[in-house]
Amino acid sequence: MGQFNWAVTYQKEHPDEKVGVITYKSLVEDDSIRSLFDPDTTFGYWWNDDRATNTFYDAGVTTLICIGVPIPNLSATAAEVEKGNGDIRTVYVARPYGPRKEDGTRDFIICKDTEDPILRHALWYKRSATMIQTAGRLRSIQQPDKQFKLIMMDNVPLPFEVDTMIEVSEKDKQDNQRV
């Protein structure tokens, strides 16, 4: 919840900015999370609102906060790169999930991954392409007189240059979470 708390605080500290949030579908549909934000916040989720949509542009969003990164479906990507023979060398990886607890422990989720270098590259490419597409959702090129912000909150390398990288908080610094 640390990233959501930061985003909510950001929105309250910048009332002159129209904020949009893109994250995972299950979180967008969670009323307890949506209720943290101003009622006029525009929400979207990965693989639905990250390309070929004007959802954020039509709502007048000037700051788009991306929480988490798009995670491509392993089996669908394998089929796209013609690894449909079932030999995708599936492995399961435990990845940290959420902030550290007060006692210093963390929750982990088990993620399906692959050892196949071609498939790993395809997954990276799809994630990167989606992040780049998301940056275009504000349609800033159509509004050269306005200033826009794209805030991507996660600890993965971005597929484009950034002007500023800031640490969200001391607690998030421990978790290696960056904006």
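**View 1. Strands S1 and S2 pair in the parallel sense over four bridges.** Helices (H or I, at least four residues) and strands (E, at least two) are DSSP runs, numbered from the N terminus, and two strands pair if DSSP finds at least two bridges between them. Val21 has Phe43 in S2 as its bridge partner. The model shown is predicted: local features need pLDDT of at least 70, side-chain atom pairs count only at pLDDT 80 or more, and totals for chains, interfaces and linings use all residues. Residues are numbered from 1 along each chain as its sequence is written, and side-chain values use heavy atoms, with hydrogens and water left out.

**View 2. An open sheet is formed by four parallel strands in the order S2-S1-S3-S6.** Strand S2 (42–45) and strand S6 (149–153) are the edge strands, each pairing on one side only. On average, neighbouring strands of this sheet are turned by 15° against each other, direction ignored; axes are lines fitted to C-alpha atoms, for helices over the stretch in contact, and angles run from 0 to 180 degrees between N-to-C directions. S1 is joined to S3 by four bridges, in parallel, and Ile22 stands opposite Cys66 in S3. Strand S3 (residues 63–67) runs parallel to S6 and is joined to S6 by five bridges. Leu64 stands opposite Leu150 in S6.

**View 3. Strand S1 (residues 19–23) is mostly covered, with five of its five residues buried.** Buried means under 20% relative accessible area, exposed over 50%, and partly exposed in between (1.4 Å probe, protein chains only). In a regular strand the side chains alternate between the two faces of the sheet. Both faces of S1 are covered: Val19, Val21 and Thr23 are buried on one side, and Gly20 and Ile22 on the other.

**View 4. Two aromatic pairs are found in a search of the whole structure.** The ring centres of Trp6 and Tyr10 are 5.4 Å apart and the planes lie at 25°, so this pair is stacked. Rings of Phe, Tyr and Trp (its six-membered ring) pair if their centres lie within 6.5 Å; planes under 30 degrees apart count as stacked, over 60 as edge-to-face and the rest as tilted. Both Trp6 and Tyr10 belong to helix H1 (residues 2–13), where they are four residues apart, about one turn of the helix. Trp6 counts as buried at 17% relative accessibility, and Tyr10 is buried with a relative accessible area of 7%. Phe37 and Phe43 form an edge-to-face pair, 5.4 Å centre to centre with 85° between the planes. Phe37 and Phe43 are both buried.

**View 5. The largest nonpolar core has 16 residues, of which Phe37, Ile65 and Ile67 touch the most other members.** A nonpolar core is a set of buried Ala, Val, Leu, Ile, Met, Phe, Trp, Tyr and Cys residues joined through side-chain atoms within 4.5 Å. H1, S1, helix H2 (25–28), S3 and S6 each give two or more residues to this core, and H1 gives the most, with five residues. Not counting residues up to four places away in sequence, Ile65 touches Ala7, Tyr10, Val19, Gly20, Val21, Ile22, Ile151 and Met153, where contact means heavy atoms within 4.5 Å.

**View 6. Trp47 is found in the loop between S2 and helix H4 (55–58).** The phi of Trp47 is near 75°, a positive value in a residue other than glycine. At 41% relative accessibility, Trp47 counts as partly exposed.
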